[in-house]
Amino acid sequence: MEMSLKRLKKDERVSLRLREAYEKFGYRKYKMSKFEEYSLYLDNKNFLKCQQIITFNSLDGRLLALKPDITLSIAKNTNAKKGQVEKLYYIENIYRLAKHTKEFKEIGQIGLEAMGDIDAYTTLEVVYLALESLEVIDTEFVLDISHMGFVTGLLDSLKVNSDVREKLLECIISKNLHDMKREAQLAKIDEKTVKCMEQIVMLNGDFLSGLKTAREIALNEAMESAVCELETFYQSINNTPYKDKLRLDFSILNDTSYYNGIIFQGYVKKIPTAVLSGGRYDLLMNRFNKEMGAIGFAVNLDELGRYYQDEKEMGVDILLLYDENVCASELFDAVRKLNDEGYRVFTEKTVSDTVKFKKILKFQNGKVSEVENV
Amino acid sequence: MFNIALPKGRLADKTCKLLKQIGINTDEVTSDSRQLVIKDEKTGIQYFLVKPSDVAIYVEYGVADIGVVGKDILLESNPDVYELLDLQLGKCKVVVAGREDFYEDKERPLRVATKFVNIAKDYYASINREIEIIKLNGSIELAPILNMSDVIVDLVETGTTLKENKLKVLTEIIPISARLIANKAKYKFKEAEINELVAKLSEVV
């Protein structure tokens, strides 16, 4: 029996539709084991957004970990060859520390990775699929795009110590102009550069005008080449229906020792945090001694169920009341008949307060009839 | 239009005054109401009056689009929000204070009583000093008086409480004031309105 997609929960629905979208472009499903060697995560601690990991010993004494991340394993396992791209997607659970409860949490993730010779086409394809993923969740969405090279290019040119760099970076990430000016003054950074940092923070999201500003304030080669890459990217995505959903925002940043190039974060109207994040991570591949590029993203499915709860879809359509003298097979036939008409039916002897229902009917003398005065 | 989380108490009154200066009616908020949610029908702005240390939580969870919160709380809880403006209200400092006759014994870890555990840890880590934290929730000044701790890390506005208890400021760690914060996702969808508010407020602070 085919189940109506509408009956599924939001996260189940989204994950089915995303699988379809990714497979259309030839992405293959990747299944990984629940545990990995702990050393994989230890060696790449900064890549993980959460540093706490659940570990345990295998029977032969090796230290294993419940996976806190998927990309690391996929990057390590890929055998893409020169001149080719391996395209994979996954639907997996990961285990991370939840910030507010300070407890480990199982989080459902769906994501995709393209590894190998990443060119303008592959970048366009992956960003397009990120946009399509967001649209599947909610028609009101935006995708913030940034380029690692632009902000790091600026910070590298400052020649300040790592403490100051860290603080300035924090200010850019939290769009905090007031503290940034204070820090810049303390570190004796020249006025032109401070102005440039201010403009980076003040960019208002509109992609085209943002690109224009970015071109004007590019202080060095690294920043200029980042702008060039963004311009090429924008030209390629300009023909898709999603171009108005893109925002340019240099305040999104990932770890600089793994990510390079274009990075992005997606938001939908009802969820208060980024629901999608990803980007180009050639540097991670290089760490595994793989001379290739990589780009990908992950969608956090966990929040969907909570923020897109559809009250009407909870419970059943019909509560069917019957009495003790009922003939079981007759009642069963009546339920099946209602099922065939498309109704979800719950049978009970008295009106239940544990089940939500839209309509109440009774089964008596072999017939289904309306109930008066419930 | 917006949901704004305000910290109950003096800071809420001061923020309302600022909002009034830029033409936003906040009369109902300033009146001594016990209501926790106050809606201004004309502007569509909804105000939540919450415990000061909870403002950032309401904003991070997105039920409030923006909020007003002390920098001390931001430093302590490190929420993932945009910090858009220094409102220059509720100015004070986080300081290290000790007894007037305090003399530091550098041979053993320093015992620090505070409610700002993270700020204290970060500060002493930055000067490579080993410490033992004693987490307290109020009347921090009592700890060094009773010799439970060597020093305290606490907020100081005028210094009167310290003086009355024969304590003195040893080091100033960081100046504090109220900040306007915004939820990152809500900001993307209400960017124009939030930026307009920030621009107007920045003219009067």
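The model is predicted: local features need pLDDT of at least 70, side-chain atom pairs count only at pLDDT 80 or more, and totals for chains, interfaces and linings use all residues. Residues are numbered from 1 along each chain as its sequence is written, chains are lettered from A and ligands numbered from 1 in the order in which they are written, and side-chain values use heavy atoms, without hydrogens and water.

Helices (H or I, at least four residues) and strands (E, at least two) are DSSP runs, numbered from the N terminus. Two strands count as paired if DSSP finds at least two bridges between them. In chain A, 9 strands form an open sheet with mixed pairing. Their order is β1-β5-β6-β12-β11-β10-β7-β9-β8. The edges are β1 (28-29) and β8 (205-206) of chain A; each has a single partner strand, so one side of each lacks a neighbour in the sheet. Helix α1 (residues 10-24) of chain A packs on this sheet and touches β1, β5, β6 (104-116) and β12 (293-300) of chain A. Contact means heavy atoms within 4.5 Å. The direction of α1 makes about 10° with that of β6(A). Axes are lines fitted to C-alpha atoms, for helices over the stretch in contact, and angles run from 0 to 180 degrees between N-to-C directions. Helix α5 (residues 148-158) of chain A lies across β7 (141-147) and β10 (262-268) of chain A, at about 45° to β7(A).

Strands β1(A) and β5(A) (residues 85-97) run parallel and are joined by 2 bridges. A:Arg28 has A:Leu88 as its bridge partner, and A:Lys29 stands opposite A:Tyr89. β5(A) and β6(A) run antiparallel, with 13 bridges between them. A:Arg96 is paired with A:Lys105 in β6(A). The two strands form a hairpin with 6 residues between them. In its turn, A:Lys102 has a positive phi of about 55°.

A further open sheet of chain A has 3 strands, ordered β2-β4-β3, with antiparallel pairing. Here β2 (35-37) and β3 (55-57) of chain A stand at the edges with a single partner strand each, so one side of each is left without a neighbour. Neighbouring strands are turned by 40° against each other on average, direction ignored. β2(A) is joined to β4(A) (residues 63-66) by 3 bridges. A:Phe35 stands opposite A:Leu66 in β4(A).

On the surface of chain B, B:Ile57, B:Tyr58, B:Tyr61 and B:Val63 form a nonpolar patch. Together they have about 320 Å² of accessible area, from the Shrake-Rupley method with a 1.4 Å probe, where for residues only the protein chains shown count as cover. Patches take residues with over 30% relative accessible area and no salt bridge, joining like charges within 9 Å and nonpolar side chains (Val, Leu, Ile, Met, Phe, Trp, Tyr) within 5 Å.

Over all chains, 41 salt bridges are found (a side-chain nitrogen of Lys or Arg within 4 Å of a carboxyl oxygen of Asp or Glu). One joins A:Lys87 and A:Glu125, with the closest N and O atoms 2.9 Å apart. A:Lys87 lies in β5 and A:Glu125 in helix α4 (residues 120-137) of chain A, 38 residues apart. Both residues are buried (under 20% relative accessible area; exposed is over 50%, partly exposed in between; 1.4 Å probe, protein chains only). B:Glu83 and B:Arg179 meet at 2.7 Å, N to O.
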